[in-house]
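Have the model open as you read. The paragraphs below walk through it piece by piece.

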Amino acid sequence: MELKVTKRDGTKELFNADRINRSIERAAFGMMDPISKVTQVATDTKVTLYDGITEEELDEATISAAVQNIKEDIDYDKIATRLLLKTVYKSVLGDYDQSPEILKKVHKEHFPSYIKQGVAGKILDERMEKNFDLEKLSSVLDISRDEIFIYSGLSGLLHRYSVKDKNQQAFETPQYLFMRVAMGNAYNEKDPTEWAIKFYEKMSQHEYIAGGSTNINAGTPNPALSNCFLLEIHDDMGHISKSVSDVMLLSKASGGLGASITKLRATGSPLSSNNTTSSGPTPFAKIIDTAIRAIQRGGKKKGALCFYMENWHLDFPDFIEWKHNAGDDYLRMRTADTAAYLSDEFMKRVEAKTDWYMFDPKETPDLNELYGKAFSARYAQYVQMAEEGKLKMWKKVPATEQYRAILVALQTTSHPWLVFKDPINLRALNNNTGTIHMSNLCTEICLPQDRKNVAVCNLASINIAGHLKKKQIDWQKLEETTRTAIRQLDNLIDINVLPIPEAVKSDSENRAIGLGVMGFSDAIEQLGIPYDSPHSYDFTDKIFEFISYMAIDESANLAVERGSYKNFAGSEWSKGKVPVDTMEKLENERGMIIDVDKKSKQNWLDWGALRVKVKSGMRNATLMAVAPNANIGLVAGTTPGIDPRFAQIFSRNKISGKYLDINHNLVTELKNLNLWGMVKDKIIELQGDISSIEEIPPHIREIYKTSFSVSPYAFVEVAARAQKWVDQALSRNMYLDDRDIDKTMDIYFTAWKKGLKSTYYLHMKPRHGAEQSTVSVNKSAKLGKTGFASVFKNAESATINVEPVSVVENIVIEPVREEVIEKEQEQIMDVKPLVIPTETVSHQIFAKVQTQLPNVEPISFTKTSSEKHFQEKIIDGKVYKVHMPTDPAENNLCDGCQ
Amino acid sequence: MPILGKASPEDMNLRPMHYQWAYDLYNQAVRNTWFPHEIALKEDLEDWNKMTEDERHAVKFTMAFFNPAELIVNRVLALGVYPYLKSPECHLYLAKQMWEEANHCVAFEYVLETFPFDREKIFQVHLETPSMQAKENYVMKYLKRMTEVKLDIETPEGKKDFIRNLVATNIVMEGTWFYSGFMVALSFRQRNQLRNFGSMIDWVLRDESLHLKFGIQLIQTVLEENSELLTEEFANEIKSIIVEGVNIENAYNKDLFPNGILGLNADYVNQYVQYVADRRLTELGLPKEYNVSNPAKWMSTATDVLELVNFFEQQNTKYEVDSGHTQKTNV
């Protein structure tokens with residue numbers, strides 16, 4: 001078939017295969033066996049073409065052809081990345097000559113005109129031209145850093161963050177983008193050019209990356225740079241209406257929101273104005289849920305918001321139903337998320353198996369403001385008043401019943417997330433400015449709010465994997481990165497524009513920032529440390545203690561240079577406290593020891609001296625918060641936040657497209673061992689879980705586990721270690737392959753006991769997915785059935801000589817399960833507060849963490865427990881164990897189907 | 001109790017259970033329950049406005065096929081499968097499957113209502129397009145033997161008709177044609193278009209994978225219980241039914257992509273259909289017919305590996321209802 005290509009000017013020309021091949025060849029520069037790779041991409045491109053295809057589509061087709069081969073070899077990722085870069089260069093720099101030297105030169109030379117054109121076209125802020133020496137900035141631009149990108153990261157960066165011209169065409173290259181963000185955070189420095197270069201050096205090498213909103217808006221005429229907002233909705237119609245408006249304006253400014261609705265009176269509560277009763281919080285929340293759908297955040301993302309409610313609210317049982325997929329649409333939130341704000345009092349009642357009372361906040365208005373012992377005392381008074389008939393509306397349920405209901409909802413709808421009010425408030429260093437009524441959309445921010453203050457937080461994240469040198473952390477570089485990032489974040493606050501005065505007030509008076517991390521798992525993989533090992537927990541301590549120390553020290557330095565934040569006086573900082581010191585207060589108020597190793601792993605850091613320094617001034621009310629970083633982690637080509645690898649190969653469903661994520665560290669290791677070619681298809685078929693591939697040495701399988709095969713207690717332990725040093729909180733994603741509700745209850749209970757401030761999204765492993773397309777699994781062979789095969793004696797299919805696979809043994813019927821559950825529940829609830837003297841805590845903890853899961857298990861699943869995690873799958877006639885949920889129904893479904 | 005046969009009073013007892021696999025599939029199907037309104041299509045509408053005429057044609061054509069097809073499957077299940085099965089656990093599963101087919105129909109209806117389609121025109125397409133008529137006639141031909149000719153299910157010929165009908169509907173229509181339709185629909189998401197529609201297809205595909213599991217298991221069970229059906233002649237006939245289905249699909253694919261769009265053309269889809277058909281043949285113990293490779297390597301990203309959703313941006317399609325529920329199994 002003769003193909004014609006439609007050119008940009010509308011004319012047609014004959015398809016030129018040679019030109020395509022040459023451009024792929026350039027993208028394969030420096031690789032092993034480039035010819036076969038070029039041929040593969042060229043062949044795959046050709047089958048997808050059609051007559052009349054446009055030039056842009058031709059570029060797209062070549063990139064897609066490279067992308068779909070990434071699962072064969074990560075070199076194709078590089079090819080795809082370079083092909084994509086080529087299209088950006090072409091669009092921004094024009095038809096440059098293909099020589100890399102000339103490209104480098106043109107890329108530098110064009111930079112000043114990019115800024116000038118941007119300013120003239122009102123795409124960029126005037127200060128971008130006025131405040132900087134553009135020639136000097138051009139001279140440091142390093143186009144070779146574009147080589148660091150992986151395809152999904154580059155594609156995400158361009159799609160999400162890059163500034164487009166008025167015709168929505170690419171206007172900046174990746175290096176221009178980093179320089180724009182650097183400059184957009186340096187306007188007010190004495191020497192803006194010098195600092196822009198310092199910020200650029202860090203970001204362009206992915207050592208830290210600014211938060212999403214900052215990347216989108218820095219350097220533009222509308223610098224809305226904040227990432228998170230937290231607002232309270234008060235119990236009067238005027239404030240509810242104002243809040244709807246505030247939510248819309250803040251969403252438009254491209255931030256994610258937390259919104260507390262605990263103060264709204266309960267359903268059936270009397271209204272004074274017209275002698276009727278209230279419809280409760282749900283209909284009002286629904287207005288907000290609808291409002292955020294209408295907003296395109298910064299034109300690029302949908303509005304996003306999380307509702308917070310304390311669980312003593314009378315409508316809390318309705319609240320946990322908000323995310324169910326069935327039911328009256330007016331009572332369901334389709335867009336907003338939900339989080340339950342739980343007190344220590346509640347968790348203790350779960351443990352003691354006593355009743356939990358719910359009230360109408362109209363009658364118990366002070367509960368929302370109280371925490372710690374004061375909350376417990378007041379709560380007890382209300383309980384007494386209720387029992388004495390002095391409250392109009394209340395109800396009680398067994399505390400364990402509500403706790404179970406929360407977790408059942410969490411498993412089914414992934415909501416509500418569990419966030420703990422008391423550790424958040426008791427450990428806050430900014431507790432002089434009021435109660436913290438909620439966390440934010442991603443459960444890592446802990447800032448107070450009231451009618452006059454809408455809390456604001458500004459984020460950036462350090463890429464730990466970007467600080468490895470010869471199998472160790474380059475501590476000096478990490479210090480420099482931390483200090484630079486803190487300064488950039490502090491700069492941001494004076495440039496930031498915010499849409500409502502309550503947010504401006506809170507932002508300028510508290511100067512709250514949240515420096516996080518990403519690439520945790522990426523780093524420990526390269527260091528050879530399994531996620532669920534004592535070494536990884538100690539590594540967590542080391543990293544977080546170090547960053548915490550340097551961040552605090554830098555903020556104290558900035559206070560000397562620029563002055564303290566307005567609300568500094570009266571804060572815990574002003575009393576010489578640092579985050580780790582607040583553990584004691586939590587233990588005192590809770591009346592139990594926080595079950596976590598508290599020792600320093602960086603003995604040389606002089607915390608004593610730092611306490612003295614902090615006392616005399618801090619620039620920022622908060623310093624650290626670990627965001628989930630799902631997007632900027634992707635940009636940096638590393639694992640997000642403190643999460644483990646989701647799987648060794650998996651797909652990411654993002655607004656910018658669906659990407660295949662493959663663990664480059666693992667591929668490199670397997671290539672070094674000459675195993676990659678042999679096992680790559682199996683890795684896909686086993687959905688990225690290599691634990692049963694015997695060809696791979698056990699120590700490698702130990703390091704490269706999937707999130708569903710890591711013990712959930714390890715997620716808790718990593719977060720608990722980090723949380724000690726972090727003054728705000730961490731977005732702790734949880735992953736469970738086990739739907740046993742009692743085990744889930746124990747995991748979350750452990751999270752509370754270990755002092756976590758919050759947990760985040762719960763990912764449940766799906767029990768059943770679609771048939772796989774690119775790997776062929778014979779469903780009948782799996783069942784040990786041969787169908788018509790017996791009639792074709794010589795046909796190939798007759799060779800499906802499956803050993804009547806262990807299928808039969810697998811129809812293990814659960815031994816009377818109901819009884820078992822009862823027992824297990826009691827066991828969990830009987831756990832006594834672990835009062836371990838602090839001195840003895842340190843090393844015993846390791847052993848404890850490791851054994852916790854087995855401790856729970858034997859109660860319910862005697863001998864079969866370990867096998868129950870696996871399902872057998874047959875590939876090439878061999879039986880593999882696939883990590884699977886332990887739901888007994890699943891076992892029957894997959895293996896014992898006859 | 002044999003799986004096929006005339007209804008008798010003891011069929012109404014779920015216990016003791018003879019076909020545990022069917023009951024397990026029923027339970028999984030219940031957990032897979034989803035509703036069309038969980039998907040918001042607003043962003044997809046914006047994509048729609050940017051799509052080329054050929055791309056829009058492909059979407060409309062696919063919708064025009066799927067919408068009636070879901071109802072045809074339901075009719076086949078109700079008239080050609082359900083009445084001849086004795087096992088109540090199979091009846092439970094089929095009841096859920098029929099609800100799912102209805103749900104898919106309503107889901108496509110929801111898309112049809114949301115997008116700026118000329119609905120009347122789309123409803124007419126399957127009546128007016130010969131290649132689509134051929135597909136429907138193919139399925140109805142086997143169903144008619146079950147409903148109009150009325151063979152006795154307890155005779156070998158009656159059982160053969162049961163298998164023929166099931167192969168035409170379950171293996172060819174649901175297990176092959178639908179799969180190529182899904183690949184086409186998901187290819188738009190691969191290019192970052194119609195992402196929410198893609199999420200809906202994820203769910204439909206998850207359901208259909210279960211339907212296929214049930215169908216294959218049912219055919220295997222019938223063959224096992226009725227070894228007289230295992231003749232070379234009948235095996236060849238079944239294979240030819242599948243091959244005929246693939247041939248019919250060729251003409252349909254030409255109508256689907258008269259010019260081709262970026263990433264897809266008729267030949268590409270034909271090859272995918274042949275690849276899927278080979279897998280179905282193998283699963284039935286029949287020799288492969290085509291021996292072609294899978295042209296859609298990108299489907300590994302679309303369906304083969306676990307998906308991590310950025311849930312602020314996309315509907316998470318991996319959730320299951322009825323969690324925390326502990327299943328009693330006492331046979």
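How many of the five residues of strand β6 (residues 256-260) of chain A are buried? Five of the five are, and the strand is mostly covered. Here a residue is buried if 20 or more other C-beta atoms lie within 10 Å of its own, exposed if 12 or fewer, and partly exposed in between, with C-beta atoms placed from the backbone. Helices (H or I, at least four residues) and strands (E, at least two) are DSSP runs, numbered from the N terminus.

Before going on, note what you are looking at. This is a predicted model: local features need pLDDT of at least 70, side-chain atom pairs count only at pLDDT 80 or more, and totals for chains, interfaces and linings use all residues. Residues are numbered from 1 along each chain as its sequence is written, while chains are lettered from A and ligands numbered from 1 in the order in which they are written.

Back to β6(A). In a regular strand the side chains alternate between the two faces of the sheet. Both faces of β6(A) are covered. A:Gly256, A:Gly258 and A:Ser260 are buried on one side, A:Leu257 and A:Ala259 on the other. Strand β5 (residues 228-232) of chain A runs parallel to β6(A), joined by five bridges. In that pairing, A:Glu232 stands opposite A:Ser260. Two strands pair if DSSP finds at least two bridges between them.

Chain A also has an open sheet of three strands, in the order β2-β1-β3, with mixed pairing. Its edge strands are β2 (12-14) and β3 (53-54), each pairing on one side only. Strand β1 (residues 4-6) of chain A runs parallel to β3(A), with two bridges between them. A:Val5 faces A:Ile53 there, standing opposite it.

The largest nonpolar core has 332 residues. Such a core is a set of buried Ala, Val, Leu, Ile, Met, Phe, Trp, Tyr and Cys residues joined through C-beta atoms within 7 Å. Among those with the most contacts inside it are A:Ala182, A:Phe229 and A:Ala259. Helix α7 (residues 156-190) of chain B gives the most to this core, with 17 residues. Neighbours within four places in sequence aside, A:Ala182 is in contact (C-beta atoms, placed from the backbone, within 7 Å) with A:Ala196, A:Phe199, A:Tyr200 and A:Met203.

Chain A is assigned domain 1 (4-206), domain 2 (459-633) and domain 3 (664-703), with bounds from an automatic or database domain assignment. The centres of domains 1 and 2 of chain A, taken over C-alpha atoms, are separated by 34 Å. Their contact takes twelve residues from domain 1 of chain A and ten residues from domain 2 of chain A. On the domain 1 side, α8 (151-160) and α10 (192-204) of chain A each supply at least two residues. The largest share, three residues, comes from α10(A).

Turn to chain B. There are eleven helices and one strand. Of the 331 residues, 54% count as buried. The C-alpha trace of chain B spans about 60 × 45 × 35 Å along its principal axes.

Finish at B:Ile216, in helix α8 (residues 195-225) of chain B. B:Ile216 counts as buried because it has 23 C-beta neighbours inside 10 Å. Not counting residues up to four places away in sequence, B:Ile216 touches A:Lys779, A:Ser780 and B:Glu283. B:Leu284 is 68 residues apart from B:Ile216 along the chain, yet their C-alpha atoms are separated by 7.4 Å.

How values were computed: Contact = placed C-beta atoms within 7 Å.
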